[in-house]
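My entries follow the structure below.

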Amino acid sequence: MMNNKMERALPLQKKAIWKKLQNHKIRLEKTDIIDLFNKNPKRFDEFSIQQGEFLLDYSKNRIDKKAFDSLIELAESCHLPAWMDKMKAGHNINHTERRSVFHIALRAPADEVMETEGRNVIPEIHEELDKMETFVKQVHSGEWVGYTGKKIIKVINIGIGGSDLGPYLTTQSLRPYWIEDIELHFVSNLDGAQLALTLEGMDPETTLFIVASKSFATLETIYEASTAREWFLEKAEDNEHIKHHFVAISSNVEKATEFGIAPENIFRMWDWVGGRYSLWSSIGLSIALQIGMDNFRQILAGAHAMDKHFFEADFHHNIPVILAMLGVWYRNFFNYDTHAILPYDSLLHLLPSYLQQLDMESNGKQLKRNGATARYATGPIIWGETGSNGQHAFFQFLHQSETVVPVDFIASINTHYPLRDHQSLLFSNLIAQSEALMKGRNLDEVLENLSPDSPDYDHQQLIARYRTFPGNSPSNTLLIDKLTPYNFGSLLAMYEHKVFVQGVIWNINSFDQWGVELGKELASQLQRDLLHGEHMEDHDPSTTGLLKHYMKVSD
């Protein structure tokens, strides 16, 4: 018999637990989720978990206790506890870039000790947080003023990827906490329309620019920042005034200084902070300016609480681990390609886009940690929309398409905007959709509800089959007491850890993104070709044809 150590060293698909899960899948694919409830009246109690102000109901999934226990066994057989320890200890688990993955340290309290590369980074993190707080208070109080002495009232964050989407999501989600007299804008797209429209009506005397770029070499960010600087200097004229209106967030102080930003206006980043995990760092400066530093610290506290839950809770009661393993279950055993994020809270309208970046940039990879190609599916396609808008767009697909899409429903129970019965009606729609996806509706049920006395009876009989659908579509429902800064921080940290766990199971590095490099290199070459009208013939026929057409039609 194979011992435990030998079993753990096997490739993923050769593990005995993998084969056991395949057998569970064969057994359960013939069972409807609703039948699992009929067999076990306590199913909700057994397959739900409350943590702080979160309630996760995962009872509407195609699992039973045996399958669930096997999923947890799979996590353990893939050395998940050891990988969690490595992350927490600051080891270089981002092996291709030779970096630790230490964003969890960004939200740790000041009295903790967290070391990477032989040093405790907590003091320098809190030093940067204090610097942020001083700056935020100066802007809010009017102590920090523009070059003519006027108070700053407009802030433009220039960044892309994690330097944009995280802060943008956060400020939109926490709109009830906005500070008066600060109007925040985000510019990320190289398309000049976004920057031009943002600058319309802006007054250089009262506008502050945050240039957020870890390397201070990201093409989109630096080009947009240069254009913004030109716009500013058209009126301010003197380069000396830049220090009153431009601050930077970067690990490359030299390049930021060369750009013209005063060294004292540069907020620090670290190599061990990945872009899509960076809102917890000084990248969150725009967040703090919009909602205040106290609320920003609450976001960090909420994330830290989820960190503690993740690192300390038993896997059977660990929300990120449970969500991750259910995702593996559907991706690898049921071959479901996509996963939908459906927040029934309009404040979270950017959450699907944020999680799309977090998940697909992290786990959308084929190569394992040893450089071999994975012979199994990895990260799914992440997509979604807010409810109840989605009900009038793609829910038809969810209910009657042959494609099964696992769903995360997310809702705040208590709203910041208690208008009439809006919240109860919204919540009833969420519950109804999760129930309908599970139950479906058969032909007998449709026919039972038809009345022979109805003048439309014949037509209703004719279309009865069109009103049926199979159901048995899995979903999780996450209920949050209220969308506060603290709970919002916990929510994002929960999904971060889920993605990490799945990367461990698939044996891939979730923290690099080499797949985007070629496009950047080719774009750099093509920019030179377009700007100088040279080397047009050095490309494939399609690319050459497109370049020539652009040159012909462009003004």
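I looked up helix α13 (residues 293-312) and helix α20 (residues 485-506), whose axes come within 7 Å and cross at roughly 40°; helices here are DSSP runs of H or I with at least four residues, numbered from the N terminus, and axes are lines fitted to C-alpha atoms over the stretch in contact, with angles from 0 to 180 degrees between N-to-C directions. The two helices are therefore oblique to each other, a word for angles that are not under 35 degrees (roughly parallel), over 145 (roughly antiparallel) or 65 to 115 (roughly perpendicular).

I noted that this is a predicted model, in which local features need pLDDT of at least 70 and side-chain atom pairs count only at pLDDT 80 or more, while totals for chains, interfaces and linings use all residues. Residues are numbered from 1 along each chain as its sequence is written, and side-chain values use heavy atoms, leaving out hydrogens and water.

Next I turned to Pro-167, which is found in helix α8 (residues 165-173). Is Pro-167 buried or exposed? Pro-167 counts as buried because its relative accessibility is 0%, where buried means under 20% relative accessible area, exposed over 50% and partly exposed in between, with a 1.4 Å probe and protein chains only.

I then checked its surroundings: Pro-167 touches, among others, Phe-186, Leu-279 and Ser-286, not counting residues up to four places away in sequence, and contact means heavy atoms within 4.5 Å. Pro-167 and Ser-286 are 119 residues apart in sequence, yet 6.7 Å apart in space, C-alpha to C-alpha.
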